[in-house]
Amino acid sequence: MKLKKKLDYQFQKKLLAGINLTAGATANIGSVKSWVFQNHLSQNYAAYTQIESNFKKLDLTAGMRLEYYQLDNMQMDSRFEYLDSLYIPVYPVFRMGAHY
């Protein structure tokens, strides 16, 4: 048996002519109850933003996403370490693209 709960929120705004902003958040919680695979609980949360611009025939896109993931009560999989001893509990993901 598998139970899943999902929540999404997205916001879009036209900033200037040819420039659009998209931002949002998502949450996924899944529960598996199985005598074969044992019982597990997964949690995945994310916040994101993206900006798109169009200049004549050139399309530019840039975005960022912060992702948190944890399975059962184990240490979170999304632990991002920096400066050897400091960490944040999310993975930052950056993207950028262009099309002509």
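Thr-22 touches Gln-10, Phe-11, Gln-12, Tyr-48, Thr-49 and Gln-50, when residues up to four places away in sequence are not counted; such a contact means heavy atoms within 4.5 Å. Thr-22 is found in strand E2. At 9% relative accessibility, Thr-22 counts as buried. Buried means under 20% relative accessible area, exposed means over 50%, and partly exposed lies in between, with a 1.4 Å probe and protein chains only.

The model is predicted: local features need pLDDT of at least 70 and side-chain atom pairs count only at pLDDT 80 or more, whereas totals for chains, interfaces and linings use all residues. Residues are numbered from 1 along each chain as its sequence is written, and side-chain values use heavy atoms, with hydrogens and water left out.

The protein chain contains 0 helices and 7 strands, in the order β-β-β-β-β-β-β along the sequence. Helices (H or I, at least four residues) and strands (E, at least two) are DSSP runs, numbered from the N terminus. Of the 100 residues in the chain, 17% are buried. Among contacts with a separation of 6 or more, 42% join residues 24 or more positions apart. The accessible surface comes to about 8,000 Å², and 60% of that surface belongs to carbon and sulfur atoms; such areas come from the Shrake-Rupley method with a 1.4 Å probe, and for residues only the protein chains shown count as cover.

Confidence is described by pLDDT, the predictor's value for each residue from 0 to 100. The mean pLDDT of the protein chain is 85, and 86% of its residues reach 70 or more. Where pLDDT is low, the predicted coordinates should not be read in detail.

Strand E2 also holds Thr-26. Setting aside neighbours within four places in sequence, Thr-26 is in contact with Lys-6, Leu-7, Asp-8, Asn-44, Tyr-45, Ala-46 and Arg-65. A polar atom of the Thr-26 side chain lies 3.5 Å from the backbone oxygen of Leu-7.

Gln-10, one of the residues touched by Thr-22, is found in strand E1 (residues 2-16). Apart from neighbours within four places in sequence, Gln-10 is in contact with Thr-22, Ala-23, Gly-24 and Tyr-48. The side chains of Gln-10 and Tyr-48 make a polar contact at 3.4 Å. A polar contact is a pair of N or O atoms within 3.5 Å; within protein, one must be able to donate a hydrogen and the other to accept it, and residues adjacent in sequence count only if both atoms are side-chain atoms. The C-alpha atoms of Gln-10 and Ala-25 are separated by 6.6 Å, although these residues are 15 residues apart along the chain.

A search of the whole structure finds 1 aromatic pair. Tyr-45 and Tyr-68 form this pair, which is tilted, with 5.9 Å centre to centre and 35° between the planes. The pair links distant parts of the chain, for Tyr-45 is in strand E3 (residues 40-55) and Tyr-68 in strand E4 (residues 58-71), 23 residues apart. Rings of Phe, Tyr and Trp (its six-membered ring) pair if their centres lie within 6.5 Å; planes under 30 degrees apart count as stacked, over 60 as edge-to-face and the rest as tilted.

The table gives relative accessibility for residues discussed above.

| Residue | Relative accessibility and class |
|---|---|
| Thr-26 | 10%, buried |
| Tyr-68 | 18%, buried |
| Tyr-45 | 31%, partly exposed |
| Gln-10 | 49%, partly exposed |
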